[in-house]
Amino acid sequence: MGEKPVMVVGLDDSEHSFYALEWTLEHLFGPSPPPFKLLIVHAKPTATSAIGLAGPGGADVLPYVEADLRKISSRIAEKAKKICSAKSVNDVVVEIVEGDARSVLCDAVEKHHASMLVVGSHGYGVLKRTVLGSVSDYCAHHAHCSVMIVKRPKIKA
């Protein structure tokens with residue numbers, strides 16, 4: 001029998017993406033041997049994209065912003081590993097790749113020949129999605145594999 005197919009799960013610092021990871025582990029990785037090799041990918045923004053180089057003195061702040069982004073990325077990776085471990089999924093690789101999440105996730109799919117990409121949905125409305133851009137929408141149209149968008153259920157008041 002050949003190698004298991006690869007599943008890429010995109011992760012950022014939002015509750016939505018961690019929900020997508022937990023949902024995936026709960027529904028697609030059971031007590032039997034998992035059907036996929038699991039690769040979790042976090043796209044770390046560049047320091048310049050995070051602050052936008054606003055005027056003079058912007059370059060002075062870059063090392064501090066970069067250090068913060070590295071800490072956040074490490075925290076996200078550790079949290080992902082803990083969630084996987086708690087669900088008894090120990091064969092997992094976590095990659096932190098610098099760049100725009102849309103490109104990073106689609107590139108990871110290509111690089112690892114993934115057969116599935118899982119992303120969370122932030123649930124933005126039309127206006128926010130138009131202004132900010134939707135990573136899940138972009139990936140659904142550009143990733144060369146099946147894309148599963150996991151949405152958190154709305155809490156009824």
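Let me start with aromatic pairs: a search of the whole structure finds zero of them. For the rings of Phe, Tyr and Trp (its six-membered ring), a pair requires centres within 6.5 Å, with planes under 30 degrees apart counted as stacked, over 60 as edge-to-face and the rest as tilted.

The model is predicted, so local features need pLDDT of at least 70 and side-chain atom pairs count only at pLDDT 80 or more, whereas totals for chains, interfaces and linings use all residues. Residues are numbered from 1 along each chain as its sequence is written, and side-chain values use heavy atoms, with hydrogens and water left out.

Now to the overall architecture. The protein chain holds six helices and five strands, where helices (H or I, at least four residues) and strands (E, at least two) are DSSP runs numbered from the N terminus. Read from the N terminus on, the order of elements is β-α-β-α-α-β-α-β-α-α-β. Of the contacts in the protein chain with a separation of 6 or more, 77% are between residues 24 or more positions apart; contact means heavy atoms within 4.5 Å. Of its 157 residues, 36% count as buried. Buried means under 20% relative accessible area, exposed over 50%, and partly exposed in between, with a 1.4 Å probe and protein chains only.

Let me turn to β1. Strand β1 (residues 6–11) runs parallel to β2 (residues 37–44), and six bridges join the two; two strands pair if DSSP finds at least two bridges between them. Within this pairing, Val9 stands opposite Ile40 in β2. Six of the six residues of β1 are buried, so the strand is largely enclosed by the rest of the structure. In a regular strand the side chains alternate between the two faces of the sheet. Both faces of β1 are covered, with Val6, Val8 and Gly10 buried on one side and Met7, Val9 and Leu11 buried on the other.

Strand β2 also contains Lys44. Is Lys44 buried or exposed? At 7% relative accessibility, Lys44 counts as buried. Leaving aside residues up to four places away in sequence, Lys44 touches Glu66, Leu69, Arg70, Ser73, Ile96, Val97, Glu98 and Gly99.

Ser88 lies in the loop between α3 and β3; Ser88 is exposed at 60% relative accessibility and has a phi near 60 degrees, a positive value in a residue other than glycine. Asn90 is found in the loop between α3 (58–86) and β3, and is exposed with a relative accessible area of 61%. Asn90 and Leu38 are 52 residues apart in sequence and 9.4 Å apart in space, C-alpha to C-alpha. His113, in the loop between α4 (101–112) and β4, has a positive phi of about 50 degrees although it is not a glycine; His113 is exposed, at 67%.

Finally, the cysteines. Counting pairs of cysteine sulfur atoms within 2.5 Å as disulfides, the total is zero. The sulfur of Cys145 is 8.0 Å from the closest cysteine sulfur, in Cys106, too far for a bond. Cys145 counts as buried at 17% relative accessibility, and Cys84 is buried at 0%.
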